[in-house]
Amino acid sequence: MHEHQQRKQLLQIAHLCYERRLLVAMDGNLSVLLPSGDVLCTRAGCHKGLLTDDDLLVVDRRGNKLRGSGTPTSELKMHLACYDERPDIRAVVHAHPPISVAFTIAGISLARCVLPEVVLTLGTIPTVEYETTGTDALAARIGPWIREHDAILMDRHGAVCVGRDLLTAFCNLETMEHTALITKTARDLGGARDLPPDEATKLRQMGLLRYGGPPDAVKKAEAGGHDLPSACTACADPAPSLRMAHVQGPTAAPSALEDAVLREVLKSLGKP
Ligand SMILES: [Zn+2]
């Protein structure tokens, strides 16, 4: 794809992000690798619903501005970290999908195998520990997760989705928010039931072989495995390596702290 086509597509995808309510106001940022190997990205402080070609600028892979006016997005380091970790991807979309972000604030994991289509195409959606937006620390934290996932959530912040082109990265973002909406609705209706672990692992292996994915994950599938963390193959287990993979819900047992607080309250009320 030529640069002028990529510029046009970036504007279309940015407008869609806004129209689909995946970000508001000056939120979010998008980038794509140009045929030259440089990065076309959004500038800081622009409205994605009203994005025009003047809001796009070109930087090199170290973040130095080459063309365009204004300053690059404050999250440029995060985009560059994604490209450094994943030579197979050419686009990064960062947005603040509201239901997905609400899951992180509520401390409820989206790293669960509930929808077959999502397990096939994305695997699980992990939540990465909180870091201040726009910092080196955030970029450093995102990198290793992007190595193994095409869509991740940042605690209390938003989504980072990658792909071989902008449309694929956007589809991953849309799929994430759609998954969050369906999961939330199921929880409102009484609970979200996980796929049986055997079916989840079969689907994921099939999906990686059929549709591809992070190269590390594809290698595992080719060797007869899959990239689902053990938390997904035994959903009830907490997984320290995958933040919030342990789902909190109406059926979850109270934590030791909640238990202790409850006992204190009952004691103060004079009840056993
Ligand atoms: Zn953000």
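Predicted model: local features only at pLDDT ≥ 70, side-chain atom pairs only at ≥ 80, totals over all residues.
Me: Why are helix 7 and helix 8 called roughly perpendicular?
Reply: Helix 7 (residues 197-211) and helix 8 (residues 215-222) pack at an angle of about 115 degrees. Angles of 65 to 115 degrees count as roughly perpendicular. Helix 7 and helix 8 are therefore given that label. Their axes lie 9 Å apart, and the crossing is left-handed.

Me: What makes the contact of helix 7 with helix 8, by class, 5 nonpolar and 1 polar?
Reply: Helix 7 brings Gln205, Leu208 and Leu209, and helix 8 brings Ala217, Val218 and Ala221. Ala, Val and Leu are among the residues that count as nonpolar. The contact has no charged residues.

Me: How do you know that strand 2 and strand 3 pair?
Reply: A pair needs at least two bridges. Strand 2 (residues 39-42) and strand 3 (residues 56-59) are joined by 4 bridges and run antiparallel. They therefore qualify as a pair. Cys41 stands opposite Leu57 there.

Me: What makes strand 3 and strand 4 a pair?
Reply: Here 2 bridges join strand 3 to strand 4 (residues 65-67). The cut-off is at least two, so the pair counts. These strands run antiparallel, with Val58 opposite Arg67. Their hairpin has 5 residues between the strands, and Gly63 takes a positive phi near 95 degrees.

Me: How many of the chain's residues count as buried, and what is the test?
Reply: Of 272 residues, 40% count as buried. Each of those has 20 or more other C-beta atoms within 10 Å of its own.

Key:
Residues numbered from 1 in each chain as written. Axes fitted to C-alpha atoms, helices over the stretch in contact; angles between N-to-C directions. Parallel < 35°, antiparallel > 145°, perpendicular 65-115°, else oblique. Left-handed = near helix turned anticlockwise from the far one by under 90°. Contact = placed C-beta atoms within 7 Å. Buried ≥ 20, exposed ≤ 12 C-beta atoms within 10 Å, placed from the backbone.
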